[in-house]
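Please look over the sequence and the model below before reading on.

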Amino acid sequence: MGLQAAEARTNITRITYLFIINTRRSAVVQVTIGGMDKQTILQKTVDYIRQEFSNDSSGHDWWHVYRVWKNAITICENENADSFIVQLAALLHDLDDWKLNDAGDETPLRAKAWLESCSVDVSTADRVCEIIEHITYKGAGVDNNMGSLEGFIVQDADRLDAIGAIGIARAFAYGGYKNRPLYDPDSPPQRHATFEQYKNSKSATINHFYEKLLLLKDRMNTPTAKRIAEQRHEVMVQFLSQFMDEWAGADVRAD
Ligand code: ADP
Ligand code: NI
């Protein structure tokens, strides 16, 4: 689904709310906040994020956010979740990522400031920030503390973009951005027991497949994402098999 289709969908949400206004006056407060309706807030957020992530070369560019947003909307269709919260969290999910900011933590300061500037009500902003705080993968041995259906959906959409062909491309883009070697046969993958260990790891990009990417299939939250992850997982397994064959020269013969 393209940008226009996503916008059309939020328009439908808006029409639904306008209908509610006619039948329940109290809903008016929820729809038009500080002069901006949900559609306008989402469009402003798209414009802001598109600008913020336009120069990224670490695999966390605008198009990553766009795919997460688009896929989160699709997963949301199968779940009884709040689409506005899902969309805001998807669009803002990498704004405070520890990998991209100097503080190295996940406190969603910038997302919070943005939501405040759009006059999003405190309860909605808190729910979005709660998702952003818990979205990141923190290591193979660290529990997932995501606490809402909307969060599960956005986390799945983010994780789907970490696997498959795009996941492979993003992993090497990030490895290059961080000056990591492609592969080091003398450094086996680790199972990180804490977020600190995971964050401080400087291992080769191939290790990242074993430390995170190949584990994601079994950690998807929603049935929709579990299904999509199966095929994307197989793409990575085949890629790694071919990579190791080529590394060993298994297909190289002089004839
Ligand atoms: P998360 O918040 O779960 O880390 P992101 O959307 O921020 O998800 O992006 C994660 C992606 O960043 C990974 O899937 C991978 O492509 C890249 N990445 C993160 N850490 C590494 C690493 N150590 N080596 C290679 N790629 C990495
Ligand atoms: Ni992301």
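## Ligand 1 and its contacts

In this predicted model, an oxygen atom of ligand 1 is 3.5 Å from an N or O atom in the side chain of Asp-94.

| Side chain | Distance to an oxygen atom of ligand 1 |
|---|---|
| Asp-94 | 3.5 Å |
| Asp-158 | 2.8 Å |
| Lys-212 | 3.2 Å |

Ligand 1 is surrounded by 16 residues, the closest being His-60, Asp-97, Lys-99, Thr-136 and Asp-158, where a residue is near a molecule or strand if one of its heavy atoms lies within 4 Å of it.

Residues are numbered from 1 along each chain as its sequence is written, while chains are lettered from A and ligands numbered from 1 in the order in which they are written. Because the model is predicted, local features need pLDDT of at least 70 and side-chain atom pairs count only at pLDDT 80 or more, whereas totals for chains, interfaces and linings use all residues, and side-chain values use heavy atoms, with hydrogens and water left out.

His-64 belongs to helix H4 (residues 62-77) and Asp-158 to helix H8 (residues 149-160), so the pair ties together parts that are 94 residues apart in sequence.

## The chain and its largest pocket

The protein chain has 12 helices and zero strands, these being DSSP runs (H or I, at least four residues, for helices; E, at least two, for strands) numbered from the N terminus. Buried residues make up 46% of its 255 residues.

In the largest pocket lies about 670 Å³ of space, and of the 33 lining residues, Trp-98, Lys-99, Tyr-174, Tyr-198 and His-208 lie nearest its centre. A pocket is found on a 1 Å grid over the protein atoms alone, as an open set of points where a 1.4 Å probe fits, with protein on both sides within 12 Å along at least five of seven lines, and lining residues have an atom within 4 Å of a point. Grid points are joined across faces, edges and corners, and the volume is the space filled by probe spheres set on the points. Helix H9 supplies the largest share of this lining, five residues.

## Loop residues

Ile-135 sits in the loop between helix H7 (122-134) and H8, and is buried at a relative accessible area of 2%. Its C-alpha atom is separated by 5.5 Å from that of Gln-155, 20 residues away along the chain.

Most residues other than glycine have a negative phi. Asn-179, however, has a positive phi of about 60°; this residue lies in the loop between H9 and H10 and is exposed, with a relative accessible area of 71%.

Terms used. Polar contact = N/O pair within 3.5 Å; in protein donor to acceptor, adjacent residues only side chain to side chain. Buried < 20%, exposed > 50% of the residue type's maximum accessible area, 1.4 Å probe, protein only.
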